Amino acid sequence: MDNYDIGTRAVRLAEYITETGATVRAAAAMFGVSKSTVHKDVSVRLKRQDPSLYREVRTVLEKNLLERHIRGGKATKLKYLAEKELTKSGN
């Protein structure tokens, strides 16, 4: 993949993240790339290519980082509720 494609990918990833509020993991899954690639594209490449879009993406990613513990707590709660329901139905 040449530099033009990588630069285009960085912009497309950034636009997707800012429009949807997606996490790095969600963006990586959507575009079929690794989380490391998303990080590199939106933090290093995008900063040089489009500084204003870079600032927008950083705002979304910082918000996601602050909310991460909440999402993790919800996932844990759902896991244990599901296990509790399985235990109830098994008795």
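Me: Which helix holds Asn64?
Reply: Asn64 lies in helix 4, residues 51–90; helices are DSSP runs of H or I, at least four residues, numbered from the N terminus. This is a predicted model, in which local features need pLDDT of at least 70, side-chain atom pairs count only at pLDDT 80 or more, and totals for chains, interfaces and linings use all residues. Residues are numbered from 1 along each chain as its sequence is written, and side-chain values use heavy atoms, with hydrogens and water left out.

Me: Is Asn64 buried or exposed?
Reply: Asn64 is buried, at a relative accessible area of 7%. Buried means under 20%, exposed over 50% and partly exposed in between, with a 1.4 Å probe and protein chains only.

Me: What is Asn64 in contact with, leaving aside neighbours within four places in sequence?
Reply: Asn64 is in contact with Gly21, Ala22, Thr23 and Arg71, where contact means heavy atoms within 4.5 Å.

Me: Changing topic, which residues line the largest pocket?
Reply: The lining includes Thr23, Asn64 and Arg71. A pocket is an open set of points on a 1 Å grid over the protein atoms alone, where a 1.4 Å probe fits, with protein on both sides within 12 Å along at least five of seven lines; lining residues have an atom within 4 Å of a point.

Me: Which helix gives the most to that lining?
Reply: Helix 4 does, with seven residues.

Terms used:
Helix = DSSP H or I, 4+ residues; strand = E, 2+ residues; numbered from the N terminus.
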